[in-house]
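Start by looking over the sequence and the model.

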Amino acid sequence: MTDARPESADRTPTSNPVLRRALTLGGIVAAVLLVVSAVLGFVFAGAEGLAGALVGTAMAVVFMGITAASILIANRFSSSDLFVGAFFGIVLGGWLLKFVVFIVLVVLLRDATWLDTTVLFLSLVAGVIASLAVDVIVITKSRMPHVSDVELPAAPSDD
Amino acid sequence: MDATTVLAEINGNIATVGYGLAAIGPAIGVGIVVGKTIEGVARQPELAGRLQVLMWIGIAFTEALAFIGIATYFIFV
């Protein structure tokens, strides 16, 4: 099968800088949220609340970040002929694995006595909402070229 | 005990059904998001980057509900 596209073109999708920035900004917001929820958890539920807040926020941020990370990993195969298959395999496979791990964690932590599950739930919800807010802010502020596979002046790096 | 009561009897926690529902919804949602992205990229491969970002935000919003739904296991007895 012949490929009509020019050989010299860089086929890396233009989404990479946006996703990378979302992960970076998400990490910063997560650090802030971790401190806030840990303090609130400790104030309202003691040491168990502190542990629950830390675990809940970490779970939310890590599991929400895995999607962007899996797209970034999958885009490394952009020059491959099997890119489409590899891309959706990696992204959706990562998604499935993430949910299996999440459900296992929830079942394991449900009966744990060293953390407060209510605080864990609340900080998990807060982490999920904060992560969504970061994603939306990054996307609305992003500037992306319309094309991925032609030679253009260097794309804005956002760094 | 009459027959209706015996037939309708279930054991265990009814909240378990909710966790199943929390998994079905996002599965359908992500399936639609990804399927439409494949359609879009097939029509216009040069838009792959932009479509990837839209797919990513779509997946993020869809899975957010799943995380919250499954995590209610922590608070619902």
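## Annotated spans

UniProt positions are given in the numbering used here, feature names are shortened, and annotations may be inferred rather than shown by experiment. The unreviewed UniProt entry places "transmembrane region" at residues 21-44, 50-74, 86-108 and 120-139 of chain A. For chain B, the unreviewed entry gives residues 12-34 and 54-76.

This is a predicted model: local features need pLDDT of at least 70, side-chain atom pairs count only at pLDDT 80 or more, and totals for chains, interfaces and linings use all residues. Residues are numbered from 1 along each chain as its sequence is written.

## Helix content

Helices are DSSP runs of H or I, at least four residues; strands are runs of E, at least two; both are numbered from the N terminus. Residues 50-74 of chain A are 100% helix, with end C-alpha atoms 36 Å apart. Residues 86-108 of chain A are also 100% helix. Their end C-alpha atoms are 32 Å apart.

In chain B, residues 12-34 are 87% helix and 0% strand. Residues 54-76 of chain B are 78% helix, and their ends lie 34 Å apart by C-alpha atoms.

## Confidence

pLDDT is the predictor's confidence in each residue, from 0 to 100. Chain A averages 86, and 84% of its residues score at least 70.

## Exposed residue

V43(A) sits in helix α1 of chain A. Is V43(A) buried or exposed? V43(A) is exposed, with a relative accessible area of 58%. The cut-offs are under 20% for buried and over 50% for exposed, with partly exposed in between (1.4 Å probe, protein chains only).

Notes
Chains lettered and ligands numbered in written order. Heavy atoms only, no water.
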